[in-house]
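Visitor: I have a structure to look at with you. Could you walk me through it?
Guide: Gladly; let us start with the surface and go on from there.

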Amino acid sequence: MRELEFDVDLADRWGEALVSVPADSPVAIDVRLESVHEGILVTGTAAATYEGECGRCLTPISERVEVEFQELFAYPGEEANDFEVQDDHVDLETLVRDAIVLSLPFQPVCRPDCPGLDPITGERLDERAVPEPQEPLDPRWAALADFQAEPAAGPEDEPTR
């Protein structure tokens, strides 16, 4: 059994959506390698920082992501395996990349209660000081907007003597 801790700088960007782990950013890996009968059991954690933009208000965001992984790298043999030991080495790149990319948020937000953008003006809703504009009136009802409601005359509205 061996336990290793190391950092790797990425050669390529990981991820393709609103957020990704940029190229040349470090990925911290803490791994435990155990020899078992079928091959080498790899258990560990990987941590990186993703960057991108909020899916609601489009502000830049940067968050840390940490994932756990475990995989058996089988010795070469008759059966086809996803991961195999190659010349007494294991290649962790695919395993770590898949774990990190799959843990990236699909709809990232800068904060959980982010109100997003105004659909009409495109301004960020949390920065706008004026109240929200009312919905446009249906043109068929626009003529009624000029009328003012008058108080109804009832027995309680009569002047007292």
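**Surface, fold and salt bridges**

Guide: The protein exposes about 12,300 Å², of which carbon and sulfur atoms supply 50%, with accessible areas computed by the Shrake-Rupley method with a 1.4 Å probe and, for residues, only the protein chains shown counting as cover. This is a predicted model, in which local features need pLDDT of at least 70 and side-chain atom pairs count only at pLDDT 80 or more, while totals for chains, interfaces and linings use all residues. Residues are numbered from 1 along each chain as its sequence is written, and side-chain values use heavy atoms, with hydrogens and water left out.

Visitor: What share of the residues count as buried?
Guide: Of the 161 residues, 26% count as buried, where buried means under 20% relative accessible area, exposed over 50%, and partly exposed in between (1.4 Å probe, protein chains only).

Visitor: And in what order do the elements run?
Guide: From the N terminus on, the order is β-β-β-β-β-α, which comes to one helix and five strands; helices (H or I, at least four residues) and strands (E, at least two) are DSSP runs, numbered from the N terminus.

Visitor: Which residues of helix 1 are buried?
Guide: In helix 1, which covers residues 93-103, the buried residues are Leu95, Val96, Ala99 and Ile100. Seen down the helix axis, they fall within an arc of 115 degrees, so they line one face of helix 1; the arc is that of the directions from the helix axis to the C-beta atoms.

Visitor: Why would spacing like that matter for direction?
Guide: An α-helix has 3.6 residues a turn, so residues three or four places apart point the same way.

Visitor: What do those buried residues pack against?
Guide: The buried residues of helix 1 pack against strand 3 (26-35), strand 4 (39-53) and strand 5 (60-74), a contact being heavy atoms within 4.5 Å.

Visitor: Changing topic, how many salt bridges are there?
Guide: There are five salt bridges, each a side-chain nitrogen of Lys or Arg within 4 Å of a carboxyl oxygen of Asp or Glu. One of them joins arginine 13 to glutamate 16, with the closest N and O atoms 3.0 Å apart; arginine 13 is partly exposed at 43% relative accessibility, whereas glutamate 16 is exposed at 67%.

Visitor: Which residue does Arg97 pair with at 4.0 Å?
Guide: Arginine 97 meets aspartate 98 in a salt bridge at 4.0 Å, N to O, and salt bridges that share partners join Glu93, Arg97 and Asp98 into one network.
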